[in-house]
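Welcome to this short briefing. Please take a moment with the sequence and the 3D view, and then we will walk through some local features together.

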Amino acid sequence: MALSQQRGAASCRPEDQRLPLGKTFAYGLQHILTMYGGIIAPPLIIGSAAGLDAPQIGMLIAAALFVSGLATLLQTLGLPLFGSRLPLVQGVSFAGVATMVTIVTGDGGLPAVFGAVIAASAIGLLIVPFFAQIIRYFPPVVTGTVVTVIGLSLMPVAVRWAMGGNERAADWGSTGNIGLAAFTLAVILLLNKVGTPALKRLAVLLAMVAGCVAAMLLGKVDFSALGGGTWLAIPQPLAFGLPTFEPAAIFSMLLIVLVLLTETTAGLIAVGEIVGSPVGPRRIANGLRADMLASALSPLFNSFPQSSFAQNIGLVALSGVKSRFVVSAGGALLVLLGVLPMVGTVVACIPLPVLGGAGVVLFGSVAASGIRTLSRVEYKDNMNLVVVATAIAFGMIPIVMPSFYDRFPDWVRTLLHSGISASCLVALALNLLFNRIDVGDTATAGEEVS
């Protein structure tokens with residue numbers, strides 16, 4: 001009897017909603033278009049730093065898509081002890097790119113990078129239970145701050161996309177690029193204003209299609225890459241040789257793993273807030289274990305550490321589609337892109353200004369969700385305003401001045417160079433200092449207004 005009641009309660013969760021197959025894959029496609037540019041950037045940068053040729057870099061990109069799709073399926077569908085079963089997209093994290101570039105340009109090359117990722121992720125898997133327990137120290141004053149900074153930290157990405165994506169290009173920041181981004185944004189806003197509920201949920205996809213059509217008319221779509229390449233390419237395990245395990249590289253990557261655990265915890269909390277589904281220690285642990293397992297196995301398929309993609313959290317907030325099966329469909333499409341390189345090439349033809357126009361409202365939706373959470377926090381006769389102000393400020397430092405921590409020790413730079421992890425650590429520490437350690441009524445000051 002009790003078991004059947006638990007299953008009934010679980011089936012009523014917003015993220016467990018099942019939609020018709022066509023809608024499921026259409027909404028899933030929106031997720032892929034939203035994060036495609038971000039997912040191919042790390043392998044492109046690392047491959048270039050390693051001195052690989054174009055086909056080898058293409059292999060890294062295909063592997064990133066393939067592994068990210070499998071990681072997304074694990075996170076959304078889940079296995080016993082693995083996967084949060086929330087609508088959370090996994091992808092190759094940008095947080096470790098600088099560290100991996102440093103390793104790959106040394107004597108070890110890509111095998112040293114892969115070995116460091118395997119070892120550090122395995123250690124991360126062991127310490128997951130500790131991270132899962134810190135959820136009790138994340139009242140709304142902390143979660144709202146972190147979710148707000150997640151959205152704000154993504155805005156520079158949207159702006160760079162809107163300007164063209166390449167600062168060295170002749171049309172960087174041109175009125176044509178920015179106008180194309182503005183057109184895409186306008187279509188999204190128009191569909192959300194006058195569209196039917198179905199159109200509103202597909203507003204991002206339809207706006208990107210409209211933006212691509214406009215870009216074609218303006219001659220801003222480059223189809224030159226469609227002339228070559230293969231249609232089918234099964235990822236070849238260990239294509240760059242057996243991993244090597246260098247202690248210094250492993251230690252550097254372990255710091256990145258700590259950042260990834262922090263960011264994925266923040267992502268799980270953020271998507272839980274948006275979906276309206278409780279996220280407790282067990283769910284955090286399952287989500288982090290999926291993250292670390294995917295990261296530990298990804299080098300076997302020539303890929304890099306996995307983490308939650310904040311871009312897609314914004315899409316969940318904007319579209320109102322909370323089903324994890326929609327994101328699972330997106331994961332399946334990622335796997336397909338990984339084994340069908342030409343399909344990925346077609347998707348890559350989407351002009352970055354189109355992505356930028358969509359990114360503005362998507363990333364802003366994440367920040368707005370955080371602000372909504374902060375609006376429920378009590379600020380009278382406590383230090384919550386100081387907690388929020390200081391944590392947001394620390395989160396913005398790497399955004400407004402990326403070189404701020406360049407003269408700091410490597411471990412400090414690694415932990416604080418991400419605005420998300422910086423704001424999370426500061427908000428967590430200040431909330432403990434002002435609302436937990438102190439005696440008296442301030443012990444619950446970080447909670448919601450009753």
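Is I57 buried or exposed? With a relative accessibility of 11%, I57 counts as buried, because buried means under 20%. Keep in mind as you read that this is a predicted model.

**I57 and its surroundings**

- You can find I57 in helix 3, a helix that spans residues 54-77.
- I57 touches P43, L44, G47, S48 and L52, leaving aside residues up to four places away in sequence.
- One of these partners is L44, and the C-alpha atoms of I57 and L44 are separated by 6.2 Å, although the two are 13 residues apart along the chain.

**Helix 10 and helix 12**

- Two packed helices are described by the angle between their axes and the distance between the axes.
- Helix 10 covers residues 247-275 and helix 12 covers residues 310-319; they pack at an angle of about 5 degrees, with 10 Å between their axes.
- Helix 10 is therefore roughly parallel to helix 12, because angles under 35 degrees count that way.
- Which residues meet where these two helices pack? On the helix 10 side they are G267, A270, V271, I274 and V275, and on the helix 12 side they are I313, V316 and A317.
- Helix 12 is largely enclosed by the rest of the structure, because 8 of its 10 residues are buried.
- The buried residues of helix 12 are A310, Q311, N312, I313, G314, L315, V316 and S319. Among them, I313 and V316 also take part in the meeting with helix 10.

**Loop residues to look up**

- Where is L81? L81 sits in the loop between helix 3 and strand 1, the strand of residues 90-92.
- L81 is not a glycine, yet its phi is positive, at about 75 degrees.
- L81 counts as exposed, because its relative accessibility of 55% is over 50%.
- L238 is another residue that is not a glycine but has a positive phi, in this case about 50 degrees.
- L238 belongs to the loop between helix 9 (203-217) and helix 10, and with a relative accessible area of 30% L238 is partly exposed.
- E246 is also found in the loop between helix 9 and helix 10. E246 is partly exposed too, with a relative accessible area of 33%.
- How far apart are E246 and I103 in space? Their C-alpha atoms are 9.7 Å apart, while in sequence the two residues are 143 residues apart.
- E246 touches G108 and A112, again not counting residues up to four places away in sequence.

**Aromatic rings**

- The structure holds 6 aromatic pairs. One of them joins F130 and F131, with 5.8 Å from centre to centre and 90 degrees between the planes, an edge-to-face arrangement.
- Are F130 and F131 buried or exposed? F130 counts as exposed at 58% relative accessibility, whereas F131 counts as buried at 9%.
- Y405 and F408 also form an edge-to-face pair, because their ring centres are 5.3 Å apart and their planes lie at 75 degrees.
- Y405 is buried, with a relative accessible area of 3%, while F408 is partly exposed, with a relative accessible area of 38%.
- Ring pairs link Y405 and F408 with F404 into a cluster.
- A charged residue meets a ring as well: R18 lies over the face of F325, at 4.0 Å from the ring centre.

**Cysteines**

- A disulfide is a covalent bond between the sulfur atoms of two cysteines.
- How many disulfides are there in this model? The count comes to 0 disulfides, going by the rule that the sulfur atoms of a pair must be within 2.5 Å.
- C212 is buried, with a relative accessible area of 18%.
- C424 counts as buried as well, at 3% relative accessibility.

Key: Residues are numbered from 1 along each chain as its sequence is written. This is a predicted model: local features need pLDDT of at least 70, side-chain atom pairs count only at pLDDT 80 or more; totals for chains, interfaces and linings use all residues. Side-chain values use heavy atoms; hydrogens and water are left out. Buried means under 20% relative accessible area, exposed over 50%, partly exposed in between (1.4 Å probe, protein chains only). Rings of Phe, Tyr and Trp (its six-membered ring) pair if their centres lie within 6.5 Å; planes under 30 degrees apart count as stacked, over 60 as edge-to-face and the rest as tilted. A charge sits over a ring if NZ of Lys or CZ of Arg is within 6 Å of the ring centre and within 35 degrees of the ring normal. Axes are lines fitted to C-alpha atoms, for helices over the stretch in contact, and angles run from 0 to 180 degrees between N-to-C directions. Helices (H or I, at least four residues) and strands (E, at least two) are DSSP runs, numbered from the N terminus. Angles under 35 degrees count as roughly parallel, over 145 as roughly antiparallel, 65 to 115 as roughly perpendicular and the rest as oblique. Contact means heavy atoms within 4.5 Å.
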